Structure formats: structure tokens, C-alpha cells
Amino acid sequence: MNDVLVNDSKNINTNGKATHTYDAIVVGSGISGGWAAKELCDKGLKTLVLERGRDVQHLKDYPTMNLRRWELPHSGSITLQQKVNNPLISKAAGYDEATQHFFVKDEEHPYIQEKPFDWIRGYQVGGKSLTWGRSCQRWSDWDFSAPLRYGYAVDWPVRYNDIAPWYSYVEQFIGVCGSRENIESMPDGEFLPPMEFNCVEEHFKKVIWDQYQRNYIPGRLAHITEPKEIHGQQGRAQCQNRDLCMRGCPFGGYFSSNASTLPWANRTGNLTLRPHSVVHSVIYDEQKQKATGVRVIDALTKETTEYFADIIFINASALNTNLILLNSTSTRFPNGLGNDNGLMGKYICFHNYRGSMNATFEGMEDQYYKVRRATECVIPNFRNLKKLEADFLGGYVIFSGGYRSNKIYSTAAGIGAAFKEELSEPGAWGMYMYMQGETIPKASNHVRLSDTEKDRFGMPLLITSVGYDENDDKMVHDFLEQGQAMFKSAGGVNIQVNDSRSHRDWIFMRWVAYAWDMILKLRC
Amino acid sequence: MGGIRMGHDPQTSLLNKWNQLHHCKNVFVTDGACMTSTGNQSPSILYMALTARAVNYAVTQLKKGEL
């Protein structure tokens, strides 16, 4: 995509307005920005995509995509110094020696935590679409209507039927594997074949259906399990079950902006992608009563320039989009663009991943699995669907999987031949579960701009004031109780439960990263 | 998620059902900031679906001279 990079940053403001004018501007190149770019370019609009980070091109900029664990300087682990230098971002699941270049460095991008809040960011072309969890479950009308029915937040102005055709449109393009299950709380989509269960998962599925009438289904993830023509047109191929996704996939086996939407948009001839472009604010024209463009700070030269367009899409990631619009002040909008009611930055919500557990399952030791399956299994939400039945608002989905553990830490054979022999034998079956819980939006969970502190680009620092409440505590308690009961019913032993109380805006459990790490150690 | 939530009413929300700012019609927000509630499902594919839907609307409106 080098040919479309704008290289005029040293000549800014000397080019005249015409050369800085496009039909549309998209701020951000992550999962939604990439889609905005593709759709706008497909419809013939000359589109400028502004990305604050460096360029990352598919294949070319995935330096670790084919490295084995022993080819990495520290076998994939991050060093103590890296942890000390990056106490926040090093907590992100999937952050390791092979993926750390797709996450920010703490010291380069400060923010102010009024309450502890882990803001996980990836500043590069493709954003967090390179390192996302790839989970693609549809919302049901139980989700869209819950705020109205239970009296929190405000009513969604859309319902499932408004979005369903667009879900289908996206699923067919990106490729989502999954099974058709006819579950009311998790509608079916346009699925490629699902990933297979292993034997302990099959066993668990049967038990929780028989005893709880709860579903255990193959996770619906953006992996191409059976390529269609549309995937070939994107230059993407079948997922090889390498389970090295977050390094960038040479096959394009999972969906990212880099492998899919951005090169697609580029092939239309309508895309201009400008990395190193920190958007300062949206320009509002008081006469025309509309936005006319954006102000951009070049991350390398620190110079400011302006770009103009008829349509502006802000896809800078949730909190940065808040930051940009709060910073877009004018005589008409002194408190941020469109912020007449003063609610911008308020009602921040997130997913609660505090609860997790694992268990050992005896027997089935004559069975194993063949591939490094890159997906998980899912228990769709079973709480507060048709009526409020719990002592908390909202619901949770459970992610889960079964694995053979290893004997590395249980061996008593010391070192030498006996130890090596032990290492070649898999240990008992295990299973994990972790929750992804709804948090209830409230005005007090908010972000705002610092009046006094700025970053190295002159942008006000974002203050995050976001925390858990009693509703979250109750939901975690319910998950831990229900999860243990289900494990026990299925014959699980040595059940270990955990409430991490960690705060983060997205991404899955650190515990799962740990579990995967254990599994990978055995596999490699 | 949230902070620039979708809703019916400009008094209590920032974006309309097309992810368009109530008070500045040619600016659209289709990332996690638009979320009225979090649901329990992973939201990324909803962002993608809302984005494609909003672009379709925006370009239609632009061609009609409404933006």
C-alpha cells in the first residue's frame, strides 16, 4: 500500500485546499474504520483514512508470523524490564514477545486513571483488528431491548431486524465459522463450518444440556474454515489451525483490516491511507452548520494540517473517539461536537471478565486432539432473558474450552531420560471457563479531558473514571456459582475459581492467556 | 464502550439510529463509542455491521443532497 501513502507531510498547509479535499474521511483504520473505508471506496467515494500509528502491511510487517517458540530470544516471554516499563499494556491477553509490537508502549501514550482502568490500545494501521479475540456472536433482541425492558441507559434506536441483514453482509465477507443452533439468545448467522469439539467438550455439552438445558456450542469466530470465492478475491486462504493469530496471519485465515478491508479498499483506487496522523479535532463550520474536515497533527513532524470532506466517520476506538469529539470545540459546540446535552463521555461501559475457573476431568486418556484449534466454545447467556430472574441486571456469556494439560510441573523424575520421557506424555484433561459480562451504563462511569495535562502532540490527556459496582459483584458471584455447579455436574475435580477484579475495556481473560501459554508450552 | 451513545432522543443521546450525530449530520460514529449498552456478546461484529449500514445511509443521503 506504499503507493497510496501521502508523503507531503513536510509541505503541509502549502498545498492548498483542493489537494487536501476528499469525498470522505475516516478517522482510524481498525476493525470499524477498515469497514468504513471499504464501503465508502466501494461506493466510489475518494476516501482518506487517517491512522495515528505506523503502517502495517499484510505479510510484510508481520515479523514473527512464522517463528517457532525457540526462535524467539526469550521463547516468547516478555522480560522483567518490559513488564516494569509497561505495567499496563503488558497485562493485555496475548501480549508477549511475539506480539508486543502490535500494542502501545505505556510511557508513549499516558492517560489519567481516576479509578484503575486498563486501556488496551494498538496504535498502527489495522489497530486492534490484528490482535482481537475474533469472536463474532450476534446480539439478539433480548440484548437490544434489555435497557428499555429493565429501565437502564436509554432504549436502543435499532432492533435485531434492522441489523440482521448487515450481520449477514459482514459475515459473508469476513468469514465466520460456527454451527447453526437455533438459540433465541444467540441468533444464527451465515456460517462457515464450525471447528470441532474435543472429547471432554462433547461430554460437557451433553451434561449441561441434560441437567441445565443450557447450550455448549462451538465459538463463532472470524476464521475461514472453508474458503469461498469472496475470500479468494481478498487473497485470503483457509485457517491452518496454527493458533498464532495475534502475530498476523500469513494466510489471512482470520479477519483483520490489514488482510481484508484495507487492501480491498485500496484496489478500488479510491483509498488514500495516511499513517502517523493524530487527529486533533473535527472542524465545524458555523455558517454551513456542518463539519468540513479534521485537523491532523503529524506524529513524526508534529506539524498541523487540515483535511476536508463531505462525510466524516470517527472510528478512532471507543475512548479515543470520545477524546477527539470532546476536543472538537467551537462557538456553537463549546463542550464538544454535538454535545448539547452534556452527556458526551458519560455512560462508559465495558465487559466484565473478572470471573474464571478451571477443573480437571479424569479418564478419556486414550484420546487427544489433532490441531491447534484457534477457537473456543461458548455457553450463550442464560440470565435475565425473558424476565428479570437474577439479583443483578444484565447477562453474561461464558467462553470455555477443554485441553490436555502437561506433566512438566507434576513430574518427580528429576532430570535426564526419565524426565524427557515424562514430557512426551500428556497429562489429564482440563477445562476452563471465563465470563464476559454486561456492565450497566451509568453517568458516573465517564471520561473527560484534562484541563492541565497534555501529551507530546499537544492533545489533552484523557481522564478515565470507570469502575465496577455492586451489580458487577453480584454477576461475578453468580457466574462463579453456576460455573462450579456445571463443572461438578460433569465430574470436574480440583475446581479452582478466580475473581481477578482486573479492569479493562475489552479483550479476554488474562487467565486464559495463561492457560493457552501452558498448552503452547506442551505443543511446541 | 459508550460515551457517544445511540438513542431516539437528542436530549438523552448523541447519535441517532443511523450513527449520525443528532446535531452535526455529516459526522458518523460507528466504533465502540456508539454503544447504548454493552450486551453480553462480543461487540466487534456489531461495529462492523453498524458501519456498513451507516455508510450505506450516509452515501444515499449525500447523493440526495441531504448532508
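Student: What stands opposite B:V29 in β2(B)?
Tutor: That's A:I314. Keep in mind that this is a predicted model.
Student: Ok, and how many bridges join strand β9 of chain A to β2(B)?
Tutor: There are 3 bridges, and the two strands run parallel. Strand β9 of chain A covers residues 311-314.
Student: Switching to helices: at what angle do α2 of chain A and α1(B) pack?
Tutor: About 30 degrees, with the axes 9 Å apart. Angles under 35 degrees count as roughly parallel, so α2(A) is roughly parallel to α1(B).
Student: Is the crossing left-handed or right-handed where α2(A) passes α1(B)?
Tutor: Right-handed.
Student: Which residues in α2(A) meet α1(B) there?
Tutor: From α2(A) you have A:I31, A:S32, A:W35, A:A36, A:E39 and A:L40. They meet B:S44, B:Y47, B:M48, B:T51, B:A52 and B:V55 in α1(B). By class, this contact has 8 nonpolar, 3 polar and 1 charged residues.
Student: Zooming out, how many residues of chain B are in contact with chain A?
Tutor: 50 residues of chain B, and they touch 71 residues of chain A. On that side of chain B, β2 (24-29) and α1 (44-63) each supply at least two residues.
Student: Where does the largest share of that side of chain B come from?
Tutor: From α1(B), with 13 residues.
Student: And how do the residues on that side of chain B divide by class?
Tutor: Into 23 nonpolar, 22 polar and 5 charged.

Notes:
Residues numbered from 1 in each chain as written. Chains lettered and ligands numbered in written order. Predicted model: local features only at pLDDT ≥ 70, side-chain atom pairs only at ≥ 80, totals over all residues. Contact = placed C-beta atoms within 7 Å. Helix = DSSP H or I, 4+ residues; strand = E, 2+ residues; numbered from the N terminus. Nonpolar A, V, L, I, M, F, W, Y, C, P; charged D, E, K, R; others polar. Pairing = 2+ DSSP bridges. Axes fitted to C-alpha atoms, helices over the stretch in contact; angles between N-to-C directions. Parallel < 35°, antiparallel > 145°, perpendicular 65-115°, else oblique. Left-handed = near helix turned anticlockwise from the far one by under 90°.
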